[in-house]
Amino acid sequence: SVEQDGVPAAARERHAELSELINEANWRYYVLDAPTVSDAEYDAWMREIKELEEAHPELRTPDSPTQRVGAPISTTFAKVRHVQRMESLDNAFSDEELAAWEARTRRMLEREPGPYLCELKIDGLAISLLYEKGRLVRAATRGDGVVGEDVTHNVRTIAEVPYRLSGDDVPDLLEVRGEVYLTVAAFEELNRRLLDEGKQPFANPRNSAAGSLRQKDPRITAQRDLHVICHGIGRWDGSEVPKAQSETYERFKAMGLPVSDLYRVVDTLDEVREFIAYYQRHRHDTPYEIDGVVVKVDDFGKQRQLGSTARAPRWAIAYKYPPVEVTTKLLGIEVSV
Ligand code: NAD
């Protein structure tokens, strides 16, 4: 094989092929809300391209799918620049990968990474809510992480999202990160209705939430039973900033922002493992679809010290459960979720 910059031609070709497959899948998933490959297949492509880049770092160019978040945004909505960049999460698919993340974190910090905050990885779509002096002024999708879509009118139809924050601890400027989702029951109900109307059903709850939120007409969004769970800070200015992830959730709650109560703060990696195993067994007992568990270093001082890579924070990891290829029969039409 012909080598270029020390990279064998076969590796270069496979890298180009995978980039194209992933970019196309990103567009169908993030822009059209209609994926044509399973998440497991997509994750396998991502894993393969990462391995190629580890073997041949020359292939890791800034436009590689491994260095980017999401997809270029559609033209349906106005573009907005996030105050703080929105990131993705790195994945662990096995206990060894989880342990490797812990070891890396410990090495970088030169101290104990714990306590850890363990929570559910909601299979919804990422949202950023911007509050100025406690008033909701803007809501945006993640887009490519830097620029997202303005979906303020649509988000205003979600009852759970406060229009005004409450309490006497409201920051001057607050950028909140969260997840918009449909319950599994609402997803099934929506698909049944779409089929009745002769329309295309959604592939899974995540796509149904994205498709419902990203409507041109907010009146359609208002008819969908959308919910939000807040799980992070983009920016917090003008009042005392929380010192930990867990404290953030308490403060969010006090301001009237919806947060999950299915999280736990633990000290050791073994307790993290217990949390992961528990929800693997109870994966289908949660009201919303989950595709794993997110583990976060709780302390913000440690989070700052760890920082981020090009696309994800080093202080968090998404432990992904193996895919379940359940096929639900909806009025005779097979839909894979
Ligand atoms: P991701 O979904 O793996 O993880 C990052 C996102 O998780 C964050 O943006 C955040 O919004 C969300 N999240 C959910 N719960 C959270 C919590 N408790 N705390 C923090 N964040 C939480 O990454 P991604 O970049 O959004 O998407 C990549 C994944 O999307 C792939 O692994 C694949 O499963 C899927 N995908 C599938 C296709 C396809 O064609 N099937 C295409 C593109 C992406």
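Start with the ligand: 23 residues surround it, and the closest are Tyr29, Pro35, Asp39, Ser88 and Ala126. Keep in mind that this is a predicted model. Domain 1 (3-67) and domain 2 (79-336) both contribute residues to the shell around the ligand, so the ligand sits between them.

**Around the ligand**
- Helix H1 (9-31), helix H2 (39-55), E5 and strand E10 (226-237) are the elements that put two or more residues into the shell.
- H1 gives the most, with four residues.
- Sorted by class, the shell has eleven nonpolar, seven charged and five polar residues.

**How the two domains meet**
- The protein chain splits into domain 1 (3-67) and domain 2 (79-336), and their C-alpha centres are 25 Å apart.
- On the domain 1 side, seven residues are in contact with nine residues of domain 2.

**The five-stranded sheet**
- Five strands make an open sheet with mixed pairing, in the order E4-E13-E12-E5-E11.
- Strand E4 (91-92) and strand E11 (264-266) are the edge strands; each has a single partner strand, so one side of each has no neighbour in the sheet.
- E4 pairs with strand E13 (residues 316-320) in the parallel sense, over two bridges.
- Looking at Ala92, its bridge partner in E13 is Tyr319.
- Helix H9 (residues 269-281) lies across strand E5 (116-122), E11, strand E12 (290-297) and E13, and runs at about 165° to E12.

Technical notes:
Residues are numbered from 1 along each chain as its sequence is written. This is a predicted model: local features need pLDDT of at least 70, side-chain atom pairs count only at pLDDT 80 or more; totals for chains, interfaces and linings use all residues. Domain bounds come from an automatic or database domain assignment. Two strands pair if DSSP finds at least two bridges between them. Axes are lines fitted to C-alpha atoms, for helices over the stretch in contact, and angles run from 0 to 180 degrees between N-to-C directions. A residue is near a molecule or strand if its C-beta atom, placed from the backbone, lies within 6 Å of it. Ala, Val, Leu, Ile, Met, Phe, Trp, Tyr, Cys and Pro count as nonpolar, Asp, Glu, Lys and Arg as charged, and the others, Gly among them, as polar.
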